[in-house]
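User: Hello! I am new to this structure and would like to learn how to read it. Could you take me through some features?

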Amino acid sequence: MKLGKLTLKSNIFYAPLAGCSDFPFRQMAARFKPALMFCEMVKMEALIRGNEQTLRMLDYQEAMRPIGAQICGTDPQKAYLAAKILEEKGFDSIDLNCGCPVDKITKDGSGSGMLKDPERIGDVIANMAAAVNIPVTVKIRAGWDEKTLVGPQITKIAEQAGAAAISVHGRTRKQAYKGPANWDYIKVCKEVATSIKVIGNGDIFSGEDGAAMLRQTGCDAVLVSRGTLGQPWIVEDILRAQAGEPPSERSLEECLQALLDHFSYSTTYKSEKGALIDMRKAGCWYLKKALGVREFRKKISHANSLEEMRSMIENFECRPIK
Ligand SMILES: Cc1cc2nc3c(=O)[nH]c(=O)nc-3n(C[C@H](O)[C@H](O)[C@H](O)COP(=O)(O)O)c2cc1C
């Protein structure tokens, strides 16, 4: 698949996930080679200011390529500067976040707040596209609520402003994460798209889900979000499903080993405290199909050292949920 001048290996993308798609997560993801993966969203202003924490969120290594950064904000001029910084940092693509539903973000019109001002989305994208040679993309929700379904309108605006692709999350802002994603919201965007690629997003948790979204909506690519948590290999499952093959069975022992590998990446990249906190989330991602995960989560939240954490993980008894 082509994204602007980029040639990608497939049409399966891994989404930006604030608080989750950090460096260790992306090291795990890189083993399975999604077409493109994203760092966590960063604010344009913080990036321009050179905020240390923000810059750290953008750390990446060559094995993670192709890699995208995602910015959040409303100001076209700042978007221009932020895009330039990201291109200089070597990113392969830059995405504009117009989907984040969190009040803290939408209160100044950012994230899904941008859905209320489609023209501004066009201005911001046009400035990003003018600033860089790498592909610029945008990620939206279907609308602010079910009465304002602006997906097709924004698809056209983004196309005219020079975006190479638009990711469409099949939920409204009002829905937050409640209820199933409505894939028809993606289909209607694809129907009005001419040159812009449409990337479907929402509720892809298995290989078959990914293949079904591609089939049902006609979208050009899929963006997997929560389905990547504890399943860094989901790209392989989607490719297999597209080829009509069953997913590779992964035993609980393999999932536990993946968790240990994630933990090793975490301990290398983060402080001891950071790695311990990391495991409180990631610990459960990989063991979703095992009995006793809730107790395990409680237990590991009391680990006081890396050695103790490692031993707790290694001693987890893998018993499948019947
Ligand atoms: C914990 C969490 C963090 C997220 N962070 C981001 C983010 O930084 N940028 C973004 O565009 N979307 C973010 N999202 C939204 C997802 O990328 C995606 O659009 C949404 O979860 C729907 O896809 P899914 O049903 O496959 O998870 C986040 C979602 C979750 C659950």
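This is a predicted model: local features need pLDDT of at least 70, side-chain atom pairs count only at pLDDT 80 or more; totals for chains, interfaces and linings use all residues.

User: How many residues of domain 1 and domain 2 are in contact?

Analyst: Six residues of domain 1 contact 10 residues of domain 2. On the side of domain 1 that touches domain 2, four residues are nonpolar, two are polar and none is charged.

User: How should I read a helix? Which residues of helix 4 are buried?

Analyst: Start with the general idea: an α-helix has 3.6 residues a turn, so residues three or four places apart point the same way. Now the case here. Helix 4 covers residues 76-88, and its 13 residues reach 19 Å from the first C-alpha to the last, close to the expected 18 Å. Its buried residues are Ala-79, Ala-82, Ala-83, Ile-85 and Leu-86. Viewed down the axis of helix 4, these buried residues fall within an arc of 160°, so they line one face of the helix. Gln-77 and Glu-88, on the other side of helix 4, are exposed.

User: What do the buried residues of helix 4 pack against?

Analyst: Their partners include helix 2 (44-49), strand 5 (67-72) and helix 6 (118-131). Strand 6 (93-98) and strand 7 (136-141) are also among them. Just after helix 4, Gly-90 has a positive phi of about 95°.

User: Now a loop residue. Is Pro-180 buried or exposed?

Analyst: Pro-180 counts as exposed because it has 10 C-beta neighbours inside 10 Å, and the cut-off for exposed is 12 or fewer. Pro-180 sits in the loop between strand 8 (165-169) and helix 8 (184-192). Its C-alpha is 8.1 Å from that of Gly-202, 22 residues apart along the chain.

User: And which residues come nearest to the ligand?

Analyst: Of the 23 residues around the ligand, Ala-15, Ala-18, Met-41, Ser-225 and Arg-226 come nearest. By class, this shell has 10 nonpolar, nine polar and four charged residues.

Conventions
Residues are numbered from 1 along each chain as its sequence is written. Helices (H or I, at least four residues) and strands (E, at least two) are DSSP runs, numbered from the N terminus. A residue is buried if 20 or more other C-beta atoms lie within 10 Å of its own, exposed if 12 or fewer, and partly exposed in between; C-beta atoms are placed from the backbone. A residue is near a molecule or strand if its C-beta atom, placed from the backbone, lies within 6 Å of it. Ala, Val, Leu, Ile, Met, Phe, Trp, Tyr, Cys and Pro count as nonpolar, Asp, Glu, Lys and Arg as charged, and the others, Gly among them, as polar. The expected span of a helix is 1.5 Å times one less than its number of residues. The arc is that of the directions from the helix axis to the C-beta atoms. Two residues are in contact if their C-beta atoms, placed from the backbone, lie within 7 Å.
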